[in-house]
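Welcome! Let's take a friendly tour of a protein model, one topic at a time. Keep the structure open while you read, and look up each residue as you go.

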Amino acid sequence: DPRCGVSRGDGVFDPGSADLSAAAQNLTDFVLYEAFPAYTPPASSPFDLNDTTITFINAGTGYISVTQGCTPARNENYGTGCYDLSDSFYEEMSPTAMDLDGSIVSGLSLGPGAGYLVTTSAGAGGIAPGQSAVIVPAGDDDFVDTATGGGTLGIFVGSHGNISRVAANGNGFVPSVSTMLDNANEGLYAWTDLHSASGGGSGDIWYEENGTVATVTYLAVAGWNTGAGNTIQFIWDTATGDFSIEFENLNTTNPEVWLVGYSPAGPSTDDGGTDISAMNGALVSGQNVDAMTLSASGAPISSPTAGSTVTFTVDNMQEIFPGVTVGILAVSLGQTNPGLPLGFLGAPGCNAYIASLDLTLTMTGGGSTLTQAFNLPAGLPSGVQLYSQAVNLVLPNSLPNGQNAFGMILSNGVSHFVNSF
């Protein structure tokens with residue numbers, strides 16, 4: 001068990017553990033300590049002396065402990081910058097929370113690389129394969145090239161409710177957001193653990209082509225080991241990129257979650273997912289944008305005789321003109337946490353994390369990363385807190401999907417605890 005304390009050694013009598021956080025004392029001999037019992041995470045650690053200084057005072061016959069705060073100078077991030085924009089969209093739901101039964105999710109392509117307009121509405125019902133459809137012989141955890149059955153559109157069909165173009169994606173039975181977003185090939189997803197008749201279960205997967213349009217129908221395909229069917233139909237126009245995903249008579253006892261959505265080829269930013277049932281003409285970005293981030297290095301140390309330098313780094317900035325990036329570093333004596341939403345200024349999705357602009361420093365350069373040194377003066381009282389946030393000026397409405405009208409994006413906030421060590 002971990003112990004903290006002081007002892008003269010030499011076979012001194014053990015007085016037992018004391019509570020050092022409560023000014024403990026032992027006036028009969030020179031030993032004073034606290035023993036902390038072992039623990040197993042995720043239980044909380046019993047150690048209660050973090051950020052604490054303990055002074056052991058020699059009282060002539062033993063020790064008296066004096067406990068004081070001991071928070072070193074430090075920088076800590078809080079909040080999130082704007083914007084995390086993804087060229088994918090998804091929703092992850094449990095079988096009982098799946099709310100797309102009887103719905104159709106439609107994606108209208110805005111052109112190559114321009115993203116999608118996505119709408120969810122009531123489906124027409126009566127999903128069935130067409131007269132020219134053929135059964136896809138998909139085994140368990142399988143991905144089938146439809147060319148083996150005469151297909152010509154480059155569609156690959158997964159046994160677990162996901163399809164792709166050009167080549168097969170991974171098809172594990174456990175849906176994974178990270179796998180979906182990082183798959184090498186463009187895909188549509190209604191991913192859960194299914195078991196088609198070709199794999200020894202119930203129901204079949206059907207495939208048909210009509211010109212440039214591919215239709216994949218999972219007709220009453222059972223969730224693994226349930227015997228209860230799920231009907232899903234993908235329709236994908238390989239010429240325009242338009243698609244739809246329709247659901248009917250879903251099984252609420254499937255053994256895995258549902259992962260529904262679309263992702264183009266290659267890595268995509270994770271924007272946290274969305275409520276697909278509420279998508280009504282929602283714009284999905286044609287490119288990935290990572291949220292702007294502010295970080296600080298160099299502890300904010302200020303002693304009576306010397307200050308220090310804190311270096312700020314702003315990443316994922318946008319150029320206002322080719323080769324020109326303009327930003328502002330703002331330092332404040334107060335914070336706003338949680339942040340103040342700035343939609344009323346025309347910057348929806350961005351938050352102000354500082355209370356005032358007490359000091360501003362202009363940052364200019366090129367590219368997506370800028371740095372700024374800030375010289376902290378000597379003589380600041382220990383315990384003073386400062387707060388900072390970065391602003392990036394952009395052309396209004398120049399971000400994907402036309403964001404943002406005001407022409408600025410903001411970083412997360414950083415708090416700075418000033419001390420002499």
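Asparagine 225 sits in the loop between strand 17 (213-223) and strand 18 (229-237). Its phi is near 65°, which is a positive value in a residue other than glycine. Keep in mind that you are looking at a predicted model.

- Is asparagine 225 buried or exposed? Asparagine 225 has a relative accessible area of 72%, and because the cut-off for exposed is over 50%, this residue counts as exposed.
- Asparagine 316 also has a phi near 65°, again a positive value in a residue other than glycine. Look for asparagine 316 in the loop between strand 23 and strand 24.
- With 26% relative accessibility, asparagine 316 counts as partly exposed, because that class covers values between 20% and 50%.
- Between cysteine 82 and tyrosine 83 the peptide bond is cis, and its omega is near 0°. Tyrosine 83 belongs to the loop between strand 6 and strand 7.
- Another cis peptide bond runs from asparagine 337 to proline 338, with omega near 5°. Proline 338 is part of strand 25 (residues 335-341).

- Strand 24 (residues 325-332) pairs with strand 27 in the antiparallel sense, over seven bridges.

- Three strands make up another open sheet, in the order 22-23-28 and with antiparallel pairing.
- Strand 22 (293-297) and strand 28 (370-376) are the edge strands; each has a single partner strand, so one side of each has no neighbour in the sheet.
- In this sheet the twist averages 20° from one strand to the next.
- Five bridges join strand 22 to strand 23 (residues 308-315), which pair in the antiparallel sense. Leucine 294 stands opposite valine 314 in strand 23.

**Aromatic rings**

- How many aromatic pairs does a search of the whole structure find? The search finds 13.
- In one of them, the ring centres of phenylalanine 30 and tyrosine 63 are 5.4 Å apart and the planes are at 80°, so the pair is edge-to-face.
- Phenylalanine 30 lies in the loop between strand 2 (25-26) and strand 3 (31-35), while tyrosine 63 lies in strand 5 (residues 63-69), so the pair ties together parts that are 33 residues apart in sequence.
- Phenylalanine 30 is partly exposed at a relative accessible area of 22%, whereas tyrosine 63, at 15%, counts as buried. The cut-off explains why these two fall into separate classes, because buried means under 20%.
- Phenylalanine 247 and tryptophan 258 have ring centres 6.2 Å apart and planes at 85°, so this pair is edge-to-face.
- Here phenylalanine 247 belongs to strand 19 (residues 243-248) and tryptophan 258 to strand 20 (residues 258-263), so the pair ties together parts 11 residues apart in sequence.
- Phenylalanine 247 is buried at 1% relative accessibility, and tryptophan 258 is buried at 0%.
- Phe89, Tyr116, Phe243 and Tyr262 come together in one aromatic cluster.
- Tryptophan 236 has a charge over its ring: the charged end of arginine 165 sits there, 5.5 Å from the ring centre.

**Around serine 88**

- Where is serine 88? Serine 88 lies in the loop between strand 6 and strand 7 (89-93).
- At 2% relative accessibility, serine 88 counts as buried.
- The side chain of serine 88 makes a polar contact of 2.9 Å with the side chain of serine 268.
- Leaving out residues up to four places away in sequence, serine 88 touches Leu181, Tyr262, Ser263, Pro264, Ser268, Asp271 and Val284.

Terms used
Residues numbered from 1 in each chain as written. Predicted model: local features only at pLDDT ≥ 70, side-chain atom pairs only at ≥ 80, totals over all residues. Heavy atoms only, no water. Pairing = 2+ DSSP bridges. Helix = DSSP H or I, 4+ residues; strand = E, 2+ residues; numbered from the N terminus. Phe/Tyr/Trp six-rings, centres within 6.5 Å; stacked < 30°, edge-to-face > 60°. Buried < 20%, exposed > 50% of the residue type's maximum accessible area, 1.4 Å probe, protein only. Lys NZ or Arg CZ within 6 Å of the ring centre and 35° of its normal. Polar contact = N/O pair within 3.5 Å; in protein donor to acceptor, adjacent residues only side chain to side chain. Contact = heavy atoms within 4.5 Å. Axes fitted to C-alpha atoms, helices over the stretch in contact; angles between N-to-C directions.
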